[in-house]
Structure formats: C-alpha cells, structure tokens
Amino acid sequence: MLVVANQKGGVGKTTTAVNLAAALAQSGQRVLVVDLDPQGNASTALSVPHSEGTPSSYDVLTGRLPFDQVTVECPDVPNLFVLPATIDLAGAEVELVSFVARETRLQKALDGYLAAQEARGQRYDYVLIDCPPSLGLLTVNALAAGRELLIPVQCEYYALEGLTQLLRTIESIRDHLNPQLRVAAIVLTMYDARTRLAAGVADEVRGHFGDAVLKTAIPRSVRISEAPSYGQTVLTYDPGSPGSLSYLEAASELAAQTREAW
C-alpha cells in the first residue's frame, strides 16, 4: 500500500500516481487508486466520473457510504479500480475535526474493504493513495492507512527544501499512528537531461536518500502533460512515448523494490 505524497504542488505527484498504477495494472497486477485530492485530478486522468455529488472518497471518510459502493473500474485499463474524489472532499478537513479517531477514518474503511475483497478471491496487489498538496487531515489519514511512502521530487533548485516538513510529519505519524510507515521510493520527475541543474538535483537527492531513489527518472514531456486533458494516462494516450516507457520502467523498479520489502 503506497501513499503518494509531497506537500509541494506541481511536482508530478498525481501524474506519477496514475501512471504507475496504470503500468502496474498493465503488467497483470490488480490495482486500486484512492483519490484523496479534492481537485480530483487522478479521477480525471483515469476517466472516472467525479462531478459534485458523485459518490466519492468524501462519503467513505464521513461514513455515508461503504467502500465497495463507491469504487469504480477504470474504463481504459483492465485491473485498475478507483475510489474517486469530488470537490465535496474540500470540506472534509473541517468536518472531520469533530469525528472520533479522525486520523484513522481511511485506515479503518480501507482495511475492511481490502479484507472483504481478499475473502472473495479478489485481492488487490497494489493500493496507491493520491494525496492533496498539503499536510492536512486528508494527508494524515493517508499516511496512517499506508504502509509505504512514494515521494515524487521535481528536478528543480528547491527540490529538497520541501521534503523537510514532510519527513518531519512522517516521523510524527510513525510515533503516534503508524509505526510501520517507511519511505519506499523516491521518483525524480520532470527531468531534463540537457540541463546541469537537473543532473545536479538528481545527484543531490540520490546522495541524500541513496537506494530509495529509483534509477529511472521521469522526463519532462508534453505527452505526459497532455494525457489528462483527454481523460487518459500517458500509457494509453501515447504508449510509445519516452514518458510512457519511463513510467513502465519505474513501475518495474517499484514492483521489485516493494516485493523485496514485503
């Protein structure tokens, strides 16, 4: 179970979550994407309805609907399922404050759903939780529910600065809510091999985090940026593009890395 998080916006977090999920599903794995971002960008990229009022992760978090009544299958990628997010989720941060055990609402709902699916012989191989670009209650719920953390890092000058607060939050979550949580992988995004800056940032991140950084860096790509506007991942939008091939390689690396950990 992978939490895809970085409170810094614009680092390719959602893009990485949906493309890795699609790549894993295409390799024959059964994958669930939990969209916890009120913007619903992961739901858009996976062509899942998420207009206001659509059953969504908001209903699951607030206990209005069970998980299995909200989860839908991605129409373009077999084996890929989505818990969509709607704008209703924007109010959840405030609404959940009054709930008992508000930090573990997602964990309880997700654990129950996964156990029920496994009992039916429909076990998920991977769960990816896409977080909003903040360290609020929605992200805390994701970190409390997940086992491993996947952090996308954009190859830019301030790449490491934004990670400090996230790593501090992870330590707090480990101490109080989820002692099993660990950083499983860091993926470099928007990598431009023509610039010294990108190479320098990549070296700095690898020097800081070592083997946790995937060898495959995701290139800066127009195709990757265009795909969501067509309700697709880059793997279905342009399967032969460098961006698509990079995400396939990164998914293969991630699968090997998480298998070793499990």
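## Helix H7

Contact here means heavy atoms within 4.5 Å. In this predicted model, the elements that cover the buried residues of H7 include helix H6 (137-145) and helix H8 (196-209). Strand S6 (148-154) and strand S7 (182-189) are also among them.

H7 runs over residues 163-176, a total of 14 residues. At 1.5 Å a residue, H7 should span 20 Å. Its end C-alpha atoms are 20 Å apart, so the two values agree.

Which residues of H7 are buried? They are Leu-163, Leu-166, Thr-169, Ile-170 and Ile-173. These residues cover an arc of only 120 degrees around the axis, so they sit on the same side of H7. On the other side of H7, Arg-168, Asp-175 and His-176 are exposed.

## Helix H8

H8 also has 14 residues. From first C-alpha to last, H8 reaches 20 Å. That is close to the 20 Å expected at 1.5 Å a residue.

Ala-198, Val-201, Ala-202, Val-205 and Phe-209 are the buried residues of H8. Their arc around the axis is only 100 degrees, which puts them on the same side of H8. The face turned away from this buried side carries Arg-196, Asp-203 and Gly-207, which are exposed.

What covers the buried residues of H8 includes H7, S6 and S7. H8 in turn is among the elements that cover the buried residues of H7. After H8 comes Gly-210. The phi of Gly-210 is positive, near 60 degrees.

## Helix H9 and Glu-226

Helix H9 spans residues 222-226 and contains Glu-226. Is Glu-226 buried, partly exposed or exposed? Glu-226 has a relative accessible area of 27%. Buried means under 20% and exposed means over 50%, so a value in between counts as partly exposed. Glu-226 is therefore partly exposed.

Glu-226 and Tyr-237 are eleven residues apart in sequence. In space, their C-alpha atoms are 8.5 Å apart.

## The cavity

How many cavities of 30 Å³ or more are there? The count comes to one. The largest cavity has a volume of about 30 Å³.

Its lining includes Asn-6, Lys-8 and Val-11. Pro-152, Val-153, Gln-154, Glu-156 and Ala-159 also line the largest cavity. By class, the lining has four nonpolar, two polar and two charged residues.

How values were computed: Residues are numbered from 1 along each chain as its sequence is written. This is a predicted model: local features need pLDDT of at least 70, side-chain atom pairs count only at pLDDT 80 or more; totals for chains, interfaces and linings use all residues. Side-chain values use heavy atoms; hydrogens and water are left out. On a 1 Å grid over the protein atoms alone, a cavity is a set of points where a 1.4 Å probe fits but cannot get out, and a pocket is an open set with protein on both sides within 12 Å along at least five of seven lines; lining residues have an atom within 4 Å of a point. Grid points are joined across faces, edges and corners, and a volume is the space filled by probe spheres set on the points. Ala, Val, Leu, Ile, Met, Phe, Trp, Tyr, Cys and Pro count as nonpolar, Asp, Glu, Lys and Arg as charged, and the others, Gly among them, as polar. Helices (H or I, at least four residues) and strands (E, at least two) are DSSP runs, numbered from the N terminus. The expected span of a helix is 1.5 Å times one less than its number of residues. Buried means under 20% relative accessible area, exposed over 50%, partly exposed in between (1.4 Å probe, protein chains only). The arc is that of the directions from the helix axis to the C-beta atoms.
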